[in-house]
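Dear colleague,

I am handing over the structure we talked about, and below it you will find my notes on what turned up when I went through it. Please read them with the structure open beside you.

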Amino acid sequence: MIYTAAEIKQIDQTANQNGMPDTVLMERAASAIVPKIQIDSSSTVLVICGKGNNGGDGWVVARELAMKGHEVSVWSPLGESKSEAASAHAAYASLFVQIIEQPISTDVIIDALFGVGLSGAVTGKARDVIEWVNQQSAKVLSIDVPSGMPSDHAREFDGLAVQANHTYSLHGYKRTAFLNRTAPYYGQLERIDIGLPHTADWRMLNESDFERSLLMRDRYSHKTDYGHGMLIGGSRHLLGAPFMAGRAALRSGIGLLNLSIPREASPLISTLPEAMYNQHSDQLEKTYDAIAIGPGMVEGEGVDHIWQQVTRQSCPVIVDAGALSKRRLETRGPLILTPHPGEFSKLTGKSVEEIESDRFTIASEFAKEYRVHLILKGTFTLIVAPDGTGAVNTVEASALAKGGSGDVLTGILLALWAREGGTWSPNEQAVLWHALAAKSISQTIHPASVLASDVIEELGRI
C-alpha cells in the first residue's frame, strides 16, 4: 500500500482516537524495525533524532538496540522533542544510551530526523546535519523516509536528503519511493507493518501479483474464446510498429487478430502470416472484442478518419503513440491510454518535469476527469483506474528502455482486453507480463542488447 503524508496522519489520528496512543505506535514501530536491522553485535550505532514523532521512533529504536548489547549514542541536533510521546520515550531511553552533543564516528547511523511531515527544501541546521550524514562511511538506515525527502512529490525537492542504504517504511510506502528523482535516496526499501488497518488508494505490484491463470487454456476451447482484436497502426515512415504489437498480441494468446496498416506496409505482411489484414482506407465492418490504435501512426495521416470508425464500436479501445490526443478521449466502451511522459505532457499541457515530480497526483486527476484507464509508462509504471485509484509496477526491467517496447505493451493489452470473463485486471497483468518478460530475457541477454522483439518471444516462457 502507498500513502500520502495526509493519509498517514489521518491513520495515526484515527488510531489515537480508538485507544492506540502515539507512545504505543512508537513502541510497535521500533519492535518491528529492530529485528530487521542486520548488523554485527560489535557495531556501534548513532541514532539521530528529530523533534517530532519520527524522532520518537528513533529514541525507542535506540533503546531497543542498546538492550540488545550495542553501544548506542543519540544525537538530537535540532533540540528537544516537541512531541509529548517522543519526550516520554526520550526520557526513558536516556537510561540505556549515551546522549551526545556533537556527532561522532560510528559503524551505523539510524536516521530519525524527519518523517512524512516535512514539506519544502531542508534549511538551517538540519541541512548541515544531512550533509554530514552523507559524508560518512557508516551504513545509513532511515526510519519511514530518508530525512530531507518529501513523501508525496518532488516538486520542491532540491536534491538534499539522506542517502540511505535501507529505509524502513512504516505502515505503507510513500510516493517519492517511486519517482525517478527521489527513489535512489531510499536504498533498499522495506515496509514495516505496525498493526494498523489499510485504506490506501494505491498499491505496489511485484512479481507475485502476476496472475498465471491467464496463461491457462481450456482443452475444449476454440479460438473465438480468446477474443477477436483489431490493431490499427503504422504510417509511411513507421512500418514495423504494428507488426511488433500484433506479434505481441498473438504471443499473449489472442484468438483472432486483424491488422489495419498503410499500403506502404504491405510488403511486411509475410512477417506475420498468422494475422488477417486490412488497409487504413478500409471500413471497420466487423465487430471486435477490443481495438488498439496508435503504434507507428503519425498525426495527420488519416488518424481522425480512422478514429471516427473506432468510436462506432462499443468494445474496449487501447490508444497509444500517434493516436494519443486530447481530441480522442470519448469512446462507447472502456478507453485505455498508454502514454510515456512526453506524450502525457501533450495530453495534460504540463511539462515532463512537472509530471515526473508528481506523477501520482497528475495521473490520478487526469484519469478521474476524463473517466479513462491510464497507463503512465516509466521506470515505475502507474496503472490508474477511472476513479483515480491505482497501482505501481515495481518489477525492474531496464531492458524496456528501447524503441518498440511500448508497441509490445499495446499488443499484450489488446490480447487481454479482448478476452471475456477474466477475474484479473487486464492493465495490471499486461504491465506485469511485459516487465517480467523483459526481466527474464535479461538473464540470458544483457539488458542493453535486448530488443523489443526479444521480449515478445519471451512472453510465452514466463
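**What was found**

Ala121 sits in the loop that runs between strand S5 (108–112) and helix H5 (124–135); please keep in mind throughout that this is a predicted model. Setting aside residues up to four places away in sequence, Ala121 touches Glu156 and Asp158. Val317, for its part, is 196 residues from Ala121 in sequence, and the two C-alpha atoms are 42 Å apart in space.

**The chain as a whole**

The chain holds 13 helices and 19 strands, and its C-alpha trace spans about 80 × 40 × 40 Å along the principal axes. When contacts between residues at least 6 apart in sequence are considered, 69% of them join residues at least 24 apart. The chain carries 40 positive and 52 negative charges, and the mean positions of these two sets are 5 Å apart.

**Nonpolar cores**

The largest nonpolar core has 88 residues, and the members that touch the most others in it are Val61, Ile110, Ile232, Ile293, Val310, Val319 and Leu337. Helix H3 (residues 53–67) contributes the largest share of this core, namely six residues. Another core, of 50 residues, lies apart from it and has Ile336, Trp433, Ala452 and Ile462 among its members. To return to Ile232, its contacts beyond four places in sequence include Ser260, His280, Leu284, Ile293, Pro295, Met297 and Val310.

**Two buried polar side chains**

Asn427 lies in helix H12 (residues 426–441) and is buried, since its relative accessible area of 4% falls under the 20% cut-off. The side chain of Asn427 makes a polar contact, at 3.4 Å, with the side chain of His373. Besides His373, the residues in contact with Asn427, leaving aside neighbours within four places in sequence, are Ile336, Ile375, Ile383, Leu413 and Trp417.

Lys377 is found in the loop between strand S17 (373–376) and strand S18 (382–384), and it too is buried, because its relative accessible area is 14% and the limit is 20%. A polar atom of the Lys377 side chain lies 3.0 Å from the backbone oxygen of Thr338. Not counting residues up to four places away in sequence, Lys377 touches Asp320, Thr338, Pro339, His340, Pro341, Arg359, Gly406 and Leu409.

**Helix H8**

Pro341, which Lys377 touches, is also one of the buried residues of H8, the others being Glu343, Phe344, Ser345, Leu347 and Thr348. Six of the eight residues of this helix (residues 341–348) are thus buried, so H8 is largely enclosed by the rest of the structure. What do the buried residues of H8 pack against? Their partners are strand S16 (335–337), helix H9 (352–357), helix H10 (359–370) and S17. Just after H8, Gly349 takes a positive phi of about 80 degrees.

With best regards

Definitions and conventions: Residues are numbered from 1 along each chain as its sequence is written. This is a predicted model: local features need pLDDT of at least 70, side-chain atom pairs count only at pLDDT 80 or more; totals for chains, interfaces and linings use all residues. Side-chain values use heavy atoms; hydrogens and water are left out. Helices (H or I, at least four residues) and strands (E, at least two) are DSSP runs, numbered from the N terminus. Contact means heavy atoms within 4.5 Å. Lys and Arg count as positive and Asp and Glu as negative; His and the chain ends are not counted. The place of a charge is taken as NZ of Lys, CZ of Arg, CG of Asp or CD of Glu. Buried means under 20% relative accessible area, exposed over 50%, partly exposed in between (1.4 Å probe, protein chains only). A polar contact is a pair of N or O atoms within 3.5 Å; within protein, one must be able to donate a hydrogen and the other to accept it, and residues adjacent in sequence count only if both atoms are side-chain atoms. A nonpolar core is a set of buried Ala, Val, Leu, Ile, Met, Phe, Trp, Tyr and Cys residues joined through side-chain atoms within 4.5 Å.
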